[in-house]
Amino acid sequence: MIIHNCTIVTWEEPNRVLTGYAVRIENDRITDISPEQELLSHYSAEDRLDARGQILMPGLICAHTHFYSAFSRGMAIPGDAPADFVEILQKLWWPLDQSLREEDVYFSALVSLIDAIKHGTTTVFDHHASPNFISGSLDAIERAVVETGIRANLCYEVTDRGGEDRADEGIAENLRMIHKHWQDVPGSLVSTSFGLHAGLTLSDKTLNKCVLDMPQGSGFHIHVAEHQADEYNSMNRHGLRVVDRLDHYSITGKESIFVHGVHLDHRELEIIRDTGTWLTHQPRSNMNNAVGLADIDGVLRMGIPVCLGNDGFSFAMWDEWRVCYLAHKLWKRDPRTMTGDKVIQMGATNNAAMASHFFKDNIGRIKEGYKADLILVDYHPITEMNAGNLPWQILFGFRDSLVTMTMVDGKILMKDRELIGIDEGEICTIARQLSGEVWKRYQNQFEK
């Protein structure tokens with residue numbers, strides 16, 4: 001296939017904005033980027049996709065999410081509203097994840113993946129929890145991933161809050177999925193990590209089990225210092241700050257993903273940098289949970305590869321980019337902080353590097369040899385658009401509703417805003433029925 005009549009944003013370093021060029025795709029790869037007439041003439045017999053003047057760019061990437069949180073939308077929390085982050089866990093997320101059964105896990109993943117396709121998000125990193133359905137939960141999510149065609153990294157969130165047996169079952173579920181995909185060819189739609197909830201719900205005994213059982217070459221995906229409670233818990237119970245403790249158990253490293261890092265001190269950040277650990281930032285979630293914002297400008301300055309996730313918010317990742325750009329200015333009361341190029345560094349460059357690393361392939365750029373994970377954006381700039389001002393065109397002009405085509409691995413999943421091979425109406429109808437039952441089970445936990 002040749003995609004032509006488009007403006008191409010490559011997300012290379014340095015980035016290029018190309019006009020008068022076309023892109024050739026063979027199977028799952030980008031094989032040629034050349035002047036349009038030259039490419040059309042050379043491959044005259046191939047299928048063509050006329051982009052009608054739209055922008056062709058790499059698909060968006062979400063570095064941390066929770067599919068299972070989809071069923072929380074619109075759900076009422078009994079009693080007084082949670083007063084802090086710990087109460088949010090206790091009153092919302094922990095009763096919700098305990099209310100999930102197999103069908104709920106599958107359909108919450110399915111509706112999340114549909115949301116990703118419609119918003120042009122082609123690669124996601126999920127962090128799952130369902131304490132009453134652990135064994136086989138990642139298979140249910142994988143089934144949704146394969147059926148929708150999105151690229152996803154999967155893991156199960158191990159925690160001690162359900163007791164030792166459930167913690168062991170969570171460990172086994174991670175290991176089973178890791179071994180299942182151990183021999184996968186690079187660039188497959190599914191990759192795996194070993195999920196951990198957070199230091200405050202993990203004993204030394206459980207952490208030690210996870211590390212001893214972990215296959216060499218794999219890594220962890222864990223919430224880190226999202227709230228001060230995580231740090232105080234770690235210091236009071238273990239005599240170490242969160243990252244120092246995780247580093248003691250060799251949970252740091254280039255195969256591991258640390259999420260949030262809002263309340264880390266300088267030494268913890270040095271450990272993250274020196275071990276090559278990935279750090280993800282979720283500003284919409286940080287604002288919603290009122291946990292504060294990490295000094296991301298300073299963290300980037302240290303050389304830490306900060307990436308952007310959504311923590312279960314919508315997969316409209318440009319909204320995450322925009323909130324990141326604005327929230328840090330307000331937080332620091334300084335309009336000079338968090339410049340547009342830093343948002344692009346995280347949301348485009350670092351996210352692409354992270355996806356390429358965990359899927360062992362080239363993802364996130366329009367470049368020969370890279371995966372054909374592409375989107376078309378129906379954006380027609382009213383001012384000059386070039387590589388230099390593109391960040392601000394995106395932050396002030398792009399909206400998720402402008403995505404008209406989403407392609408993953410060379411396969412079109414949405415064309416002209418119509419999902420291909422997915423009955424969204426039927427899926428949403430079933431999801432509404434299932435979520436109603438989830439809400440009843442959630443409410444029943446407060447009535448006991």
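**Reading helix packing in a predicted model**

Author: Helix H5 (residues 164-180) and helix H6 (residues 204-213) pack with their axes 11 Å apart, at an angle of about 20°. Helices (H or I, at least four residues) are DSSP runs numbered from the N terminus. The model is predicted, so local features need pLDDT of at least 70, side-chain atom pairs count only at pLDDT 80 or more, and totals for chains, interfaces and linings use all residues. Residues are numbered from 1 along each chain as its sequence is written, and side-chain values use heavy atoms, without hydrogens and water.

Reader: How are H5 and H6 oriented to each other?

Author: Two packed helices are described by the angle between their axes and the distance between the axes. Axes are lines fitted to C-alpha atoms, for helices over the stretch in contact, and angles run from 0 to 180 degrees between N-to-C directions. Angles under 35 degrees count as roughly parallel, over 145 as roughly antiparallel, 65 to 115 as roughly perpendicular and the rest as oblique. H5 and H6 are therefore roughly parallel.

Reader: Which residues in H5 and H6 meet?

Author: Contact means heavy atoms within 4.5 Å. Glu 164, Ala 167, Asp 168, Ile 171 and Leu 175 in H5 meet Lys 205, Thr 206, Lys 209, Cys 210 and Asp 213 in H6.

Reader: At what angle do the axes of helix H12 and helix H13 cross?

Author: The axes of H12 (residues 317-332) and H13 (residues 340-358) cross at roughly 140° and come within 10 Å. These two helices, H12 and H13, are therefore oblique to each other. Among the residues that meet are Trp 321 in H12 and Val 343 in H13.
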